[in-house]
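Student: I have a new model on screen and want to learn how to read it. Where do we begin?
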Amino acid sequence: MRFLSIALTLKYFSTAHAAYCSGSPDPDAPPNTLPTQQNPTQQLLRSVENGAVYSANSNSDSHSFLITHLWGTPYEQGFAHGTMMASEISDFFTSTYEYLGDALVEELPQLRFPEWFLDLVVEKGLDWALDWTANATAEFTAPEFFDELKGIADGSGVDYALLLRIHMLPEATKGACSMIGAADTATATSNLLQLRALDWDVDGPFKDHANLIVYHNDNDPDRVSWANIAWTGFIGSVTGFNSQKMSISEIGVTFPDDTFGKESRHGIPFVNLLRDVLEKESTFQGADNRITDADRTCNLILGVGDAKTSQFNAVQYSADVVNFITSDNLLPVNDTWHAPITDITYFGMDWLCPAYSEVLHDQLVANVPLTPANMIEDVIAITQTGNLHIAVYDLAENNVYLSFARKSSDDGKNDREGDMAFERTFTRIDTAALFSTPQPSE
Ligand SMILES: *[C@@H]1O[C@H](CO)[C@@H](O)[C@H](O)[C@H]1NC(C)=O
Ligand SMILES: *[C@@H]1O[C@H](CO)[C@@H](O)[C@H](O)[C@H]1NC(C)=O
């Protein structure tokens, strides 16, 4: 009965939707003038043969987040991850499962479950729907993914089926999100500056488990070292960068136009594809080829940047189409709310999303030449995008700027910041230092 009421409510809302996304940034949104934490403290919490976990900003309860380093084969990396963080992984996956199961889906509007998934849930239940998704995507998923997940299960003692189910969640939900790729005349250094702002769920457990997970793969000729801005125990990627100065952005498309065609359920989960881009590609062309050749599933806008060459592509991505978009051929075409800007490719919250796109456009134009500082202070804060986490990639300078939503354990008494990542203190991470962190010797 509960599932039925969910489905009816959701169907009602989806037919009531206009073709454009609704909502808009607050016209009085303040800039984010908080000074960036340039040199975060890093305190070693735990280490094992193939792993080490640090707390970044360990001196501040409100701004601390985990940095996890992993070495070895995919299984060994998973095992180290699981061993070091067994209780955190158990907590995150169990509480996420309970969050999904306990709430009525209409109480989770930020997850924006698509209709096909709700139909499966109504018919057969949540476990079945997630298992069905795992089955439909398994043959398109790299075997190393399953090895690593098995390692996490063995190391942590958390049920493998639960780990796999929660990994299907991004494929069955949609984040709103925004992205920017800017270079040449549009940035102060002329190098690539890229934004990934994740607008997803800030009510559930996600905000309590932020983890920058670094894979040290230098000894493996088939894998590139990379870093995943994710959650403890989560090994797909929505946000990340690699040691070859490449980085990703992503937006779930809830408001497509008819150029997207139909979605498919049978293909590679996009979080696995994005991970493969970072872990297996070291060139811009290689990344584009991988995306073109993928068995694609749902409607997305992806972003891939390469700071070696200052190139950036947004990608119109669906089962039917793959279109590489730059500042010279910005899509969708609309001079009213998505006007081209020289050397900047941008998307605010969705494909057809005038209210956010227009504010983003105006902030970009007002702040050229862009720097990480003016992106954080004005562009992101005034567009009010990136509620859960944000990465500003300045990889030519070996820097990434990160911000995370306020944790639920933090009552906010120690700072005067808002709760959303875009309102909070950003932390600069030196990516060269990150990738050269030494393996613990035992
Ligand atoms: C998924 O695949 C397994 C193994 O083939 C099978 O036992 C299970 O019934 C499948 N589940 C669903 C929901 O398709
Ligand atoms: C641009 O968007 C507006 C709505 O904001 C719409 O009325 C107009 O037809 C669009 N123009 C094009 C070229 O699609």
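Tutor: With one definition: contact means heavy atoms within 4.5 Å. Keep in mind too that this is a predicted model.

Student: Which residues is D410 in contact with, leaving aside its neighbours within four places in sequence?
Tutor: They are S62, D415 and R424. D410 itself lies in the loop between strand 15 (399-404) and strand 16 (427-430).

Student: Is D410 buried or exposed?
Tutor: Buried means under 20% relative accessible area. D410 has 11% relative accessibility, so it counts as buried.

Student: Which side chain makes a polar contact with the side chain of D410?
Tutor: That of R406, at 2.8 Å.

Student: Let me step back to the whole protein. How many helices and strands are there?
Tutor: The protein has 13 helices and 16 strands. Its radius of gyration is 20 Å, close to the 22 Å that the globule rule gives for 442 residues, so the protein is as compact as a globular protein of that length. The C-alpha atoms fill a box of roughly 60 × 55 × 50 Å along the principal axes.

Student: What share of the residues counts as buried?
Tutor: Of the 442 residues, 61%. The accessible surface of the protein comes to about 16600 Å², and carbon and sulfur atoms hold 50% of it.

Student: How do I read contacts against sequence separation?
Tutor: Take the contacts with a separation of 6 or more. In this protein, 67% of them come from residues 24 or more positions apart.

Student: Which residues does I291 touch, not counting residues up to four places away in sequence?
Tutor: I291 touches L273, V277, R296, L302, V304, V315, Y317, V322 and F324. I291 and L434 are 143 residues apart in sequence and 27 Å apart in space, C-alpha to C-alpha.

Student: Which residues are buried in helix 7?
Tutor: L162, L163, L164, R165, I166 and H167.

Student: Now the backbone. What should I expect?
Tutor: Most residues other than glycine have a negative phi, and most peptide bonds are trans. Look for the exceptions.

Student: Where is a cis peptide bond found?
Tutor: One joins L331 and P332, with omega about -15°. P332 sits in the loop between strand 12 (322-325) and strand 13 (344-348). The peptide bond from V368 to P369 is cis as well, with omega near 0°. P369 is in the loop between helix 11 (354-367) and helix 12 (372-383).

Student: And phi?
Tutor: D184 is not a glycine, yet its phi is positive, about 55°. D184 lies in the loop between strand 4 (178-182) and strand 5 (193-198).

Student: Last topic, the ligands. Which residues are around ligand 1?
Tutor: The shell of ligand 1 is W128, D131, W132 and N135. The protein buries 38% of the 360 Å² that ligand 1 exposes when taken alone. Its shell divides into two nonpolar residues, one polar and one charged. A polar side-chain atom of N135 lies 2.3 Å from an oxygen atom of ligand 1.

Student: Which residues are around ligand 2?
Tutor: Y20, N334 and W337. An N or O atom in the side chain of N334 is 2.3 Å from an oxygen atom of ligand 2. For W337, a polar side-chain atom lies 3.1 Å from an oxygen atom of the ligand. Ligand 2 exposes 360 Å² taken alone, and the protein buries 38% of that.

Notes
Residues numbered from 1 in each chain as written. Chains lettered and ligands numbered in written order. Predicted model: local features only at pLDDT ≥ 70, side-chain atom pairs only at ≥ 80, totals over all residues. Heavy atoms only, no water. Near = heavy atom within 4 Å. Polar contact = N/O pair within 3.5 Å; in protein donor to acceptor, adjacent residues only side chain to side chain. Areas by Shrake-Rupley, 256 points an atom, 1.4 Å probe, with all protein chains shown as cover. Nonpolar A, V, L, I, M, F, W, Y, C, P; charged D, E, K, R; others polar. Helix = DSSP H or I, 4+ residues; strand = E, 2+ residues; numbered from the N terminus. Rg over C-alpha atoms; globule rule 2.2 N^0.38 Å. Buried < 20%, exposed > 50% of the residue type's maximum accessible area, 1.4 Å probe, protein only.
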